[in-house]
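Subject: Structure handover

Hello,

Here is the structure for you to look over. My notes follow it.

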Amino acid sequence: QLSCLVKLVTLHGIPKDLDSYPKDLLLFLSPSDYAVTGSCRQFFANVGKANLDVLQRESSQRKQLLLEALACLKIPGTQINEENAEVLGRLICDLGGEYIRSSGGNLLKQLRQCKSFLPDQEEAIRSVISSGNTVFGPPVEWSAFTLNELSGLISLLDHSILQKIPK
């Protein structure tokens, strides 16, 4: 349905008020289509707010969006800073474990929004959290507030992390 709607909306070119349309529509456009109305950075900031689950997790379309976003943001390696993590939004959910490890705690806020993780991502998240090199600090210093902040990631914590958290 969204794919058909995009065809209707863009029948006579990209509308100038594209930002006022539902973000999910952008999943079926390319950054070059959007260039008429704004920058690729703005495009991916909007895509990052869309419901990515409209596209199948391992689909080529979803992978292409992530690759184009990384290119747009000029991210050369696997390290993503907090500002770029904000722009990527839910696209963060598709990053491999190497990005999660390299970026340290910069991705944790966005990763909380993800509905599921691949084993490689889970392992990387545990590694980053247990390192203590995040804004949350080491698990031995966590409070109820910290656990609340990590709410979307709690199910990934293994016994080695859980036993360090103060009662």
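The largest pocket has a volume of about 250 Å³. This is a predicted model: local features need pLDDT of at least 70, side-chain atom pairs count only at pLDDT 80 or more, and totals for chains, interfaces and linings use all residues. Residues are numbered from 1 along each chain as its sequence is written, and side-chain values use heavy atoms, with hydrogens and water left out.

A pocket here is an open set of points on a 1 Å grid over the protein atoms alone, where a 1.4 Å probe fits, with protein on both sides within 12 Å along at least five of seven lines; lining residues have an atom within 4 Å of a point. Volume is the space filled by probe spheres set on the points, which are joined across faces, edges and corners.

**Largest pocket**

Its lining has 16 residues, and Lys63, Leu66, Asp94, Leu95 and Gly96 lie nearest the centre. Two or more residues each come from α4, α6 (97-103) and α8 (119-131). Helices are DSSP runs (H or I, at least four residues), numbered from the N terminus. α4 gives the most, with 5 residues. By class, the lining has 7 nonpolar, 3 polar and 6 charged residues. Ala, Val, Leu, Ile, Met, Phe, Trp, Tyr, Cys and Pro count as nonpolar, Asp, Glu, Lys and Arg as charged, and the others, Gly among them, as polar.

**Second largest pocket**

Its volume is about 200 Å³. Of 13 lining residues, Glu82, Gly105, Lys109, Val135 and Phe136 lie nearest the centre. α5 (82-88) and α7 (108-111) each give two or more residues. The largest share, 3 residues, is from α7. The lining has 3 nonpolar, 5 polar and 5 charged residues.

**Helix contact**

α4 (residues 60-72) also meets α3 (residues 40-47). Cys40, Arg41, Phe43, Phe44 and Val47 in α3 are in contact (heavy atoms within 4.5 Å) with Leu65, Glu68, Ala69 and Cys72 in α4. The residues of this contact are 7 nonpolar, no polar and 2 charged.

Best wishes

Terms used. Axes are lines fitted to C-alpha atoms, for helices over the stretch in contact, and angles run from 0 to 180 degrees between N-to-C directions.
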